[in-house]
Amino acid sequence: MESAKEFQESYRKIVLAFRRALPDPGLRLHFRPDEDLRACLLYHWKSMGIILTPEHALYYNALQSEPQEEALFWDLVSRTDHALPPPEPPFLSRLRRGDERLGTRNAAKYQDLRQSILERVDAILPIQDHQVPSPRPAVQGGEVVAEHRLPGPEGSAPSLEALLAELDALHGLDRVKAEVRSLMNLVKVRRLREAEGLPVPPMSLHMVFLGNPGTGKTTVARLIGKLYKAIGVLSKGQLVEVDRAGLVAGYTGQTALKTRAVIDSALGGVLFLDEAYALAPERGEQDFGREAIEVLLRAMEDHRQDLVVIAAGYPGPMERFLHSNPGLQSRFNKYLIFDDYDAAALLAIFQGLCQTNGYTLSAAAQDHAAALLQARYAARDERFGNAREVRNLFETAVTRQADRVAALETPSRAVLMALEAEDLSV
C-alpha cells in the first residue's frame with residue numbers, strides 16, 4: 001500500500017506538473033489546489049458515510065504541495081461531520097477564463113485531477129463503513145456507503161459478475177435489485193441487437209430514485225455506474241454526487257457555469273442529483289434553480305451516450321419536481337422505489353457494523369438492539385433515517401463503551417471488543 005509520505009510526494013509532483021503546464025504566469029500564481037482538494041475530500045467522506053480512522057488523517061494531511069497546518073484525528077472527525085459542499089475555488093474560474101481566451105481545457109483537466117485524487121485516496125485507505133472483511137460479501141445498508149473493493153488484479157476494474165454479486169449482497173432492496181437486473185438485461189440485449197444491425201427503440205438511461213434517507217439510493221447509483229461501465233455503456237463509470245448548493249450560484253449567469261462544470265466532471269459516469277426538487281422551489285420563475293434545470297436538460301440530451309443522470313428524493317416532492325418542466329418528464333422515464341428497511345434488516349446492518357469494526361455483541365446487547373430498532377421502525381415518520389439511524393446507534397454505543405472501559409485498569413481484548421446492553425441504553 002502506498003504510504004502517506006509516498007502519496008504526498010506523488011501529489012506534489014502532480015500539482016507541480018499541472019502548474020508548470022499552465023500557459024499563463026497569472027494562472028500559475030493563483031493555482032493553489034490544496035484547500036479545495038481537502039474540502040472536497042472531507043465532503044466526500046461525509047457523503048459516503050465513512051467511519052474515519054487515524055490513517056485517514058495521515059492522508060488528509062498529505063494533501064499539501066506546500067507546508068501548512070496539519071489536522072489531528074479528532075479535529076478531522078469534527079471537520080468531516082460539519083463538512084459542506086465546497087465552494088468553487090477562485091482559481092477554477094480563472095482557469096475557465098483562460099480556456100475561453102486561449103482555447104485550452106485546463107478547467108476540465110483540473111476537474112479530472114480532483115476526481116482522480118479522491119478515487120486514489122479511496123483506493124489506498126481501508127473501507128470502514130458496512131464492509132465485511134473478505135471473503136464474505138459486503139454488508140452495505142446505508143444510503144451513502146464506501147466503495148467495496150472486490151477481489152481481482154491490482155488496479156483492475158471489477159468484473160460484471162463481481163458487481164452483480166455486490167448488488168445481491170445489499171440488505172433488503174429486493175424490488176430495487178430486481179429492477180436493476182432487469183434494466184441491465186435490457187441494455188445488454190439492446191447492444192447485442194445494435195451489433196447485429198437490428199432496430200432498437202429509443203431509450204433513456206436517466207432515472208428517478210424515490211425513497212427516504214438512508215435507504216441505499218447512493219449505494220445503488222454508484223453500482224449502476226460501475227455496471228454500465230462493465231458492459232460498455234459508460235466510459236468511466238464514476239459517481240458524482242451533487243445537490244442544489246453544488247449547482248446554483250447567487251448571481252445571474254453563474255449558475256450555468258457552475259452546473260456545466262459539475263456535468264463535465266460527471267461525463268462518462270453517473271451524476272447523482274440528491275433532493276432534486278430543491279432546484280424547483282415553489283417561489284416564482286426567477287429562482288436560479290430553473291437555470292440549472294435547463295442546463296441539465298441540454299446535457300442529458302447532448303451527452304445521452306455517455307452520461308446518466310439520477311434524480312433522487314422523497315416521493316411527493318419529486319413528483320412536483322418532475323412536473324415543473326415538461327423536459328424532465330420526457331427524459332426521466334425509469335423510476336426505482338426504495339422502501340424503508342424493516343427491523344430485521346436494520347439489525348443485520350447493525351451487526352455488520354459491529355463485525356467490521358471489531359466489536360462483539362453480548363446476547364443481552366443483541367436482544368436490546370433488536371428491541372430498540374424494532375421500536376424505532378414501528379414509530380418511524382418522514383424523518384426516519386433508516387441505515388443512518390443504525391450508524392448513529394452504533395457510534396453512540398461505541399462512545400458509551402469507551403467511557404465504560406476507560407475506567408478499567410487493564411481491560412482484556414474481549415472486554416475492549418464487547419458491546420453490552422448498557423452501551424445501547426437510550
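Contact means heavy atoms within 4.5 Å. Helices are DSSP runs (H or I, at least four residues) numbered from the N terminus. This is a predicted model, in which local features need pLDDT of at least 70 and side-chain atom pairs count only at pLDDT 80 or more, while totals for chains, interfaces and linings use all residues. Residues are numbered from 1 along each chain as its sequence is written, and side-chain values use heavy atoms, with hydrogens and water left out.

**View 1. Packing of helix α3 against helix α4.** R38, L41, L42 and W45 in α3 meet H56, Y60 and N61 in α4. By class, four of these residues are nonpolar, two polar and one charged (Ala, Val, Leu, Ile, Met, Phe, Trp, Tyr, Cys and Pro count as nonpolar, Asp, Glu, Lys and Arg as charged, and the others, Gly among them, as polar). Helix α3 spans residues 34-48, and its axis lies 10 Å from that of α4 at an angle of about 155 degrees. Axes are lines fitted to C-alpha atoms, for helices over the stretch in contact, with angles from 0 to 180 degrees between N-to-C directions. The angle makes α3 roughly antiparallel to α4 (over 145 degrees).

**View 2. Packing of helix α1 against helix α4.** The axes of α1 (residues 4-21) and α4 (residues 54-62) come within 9 Å and cross at roughly 20 degrees. The two helices are therefore roughly parallel (under 35 degrees). On the α1 side the contact is made by A4, F7, Q8 and Y11, and on the α4 side by L58, Y59, N61 and A62. Six of the contact residues are nonpolar, two are polar and none is charged.

**View 3. Salt bridge between R12 and E9.** The side chains meet at 3.6 Å, N to O; a salt bridge is a side-chain nitrogen of Lys or Arg within 4 Å of a carboxyl oxygen of Asp or Glu. Both residues lie in helix α1, three residues apart, about one turn of the helix. R12 is partly exposed at 28% relative accessibility, as is E9 at 36% (buried means under 20% relative accessible area, exposed over 50%, partly exposed in between; 1.4 Å probe, protein chains only).

**View 4. Salt bridge between K177 and D174.** The N to O distance is 3.8 Å. Both residues belong to helix α9 (residues 174-195) and are three residues apart. K177 is buried at 11% relative accessibility, whereas D174 is exposed at 58%.

**View 5. Salt bridge between R376 and E389.** The side chains meet at 3.6 Å, N to O. R376 lies in helix α17 (residues 363-378) and E389 in helix α18 (residues 387-406), 13 residues apart.

Conventions:
Parallel < 35°, antiparallel > 145°, perpendicular 65-115°, else oblique.
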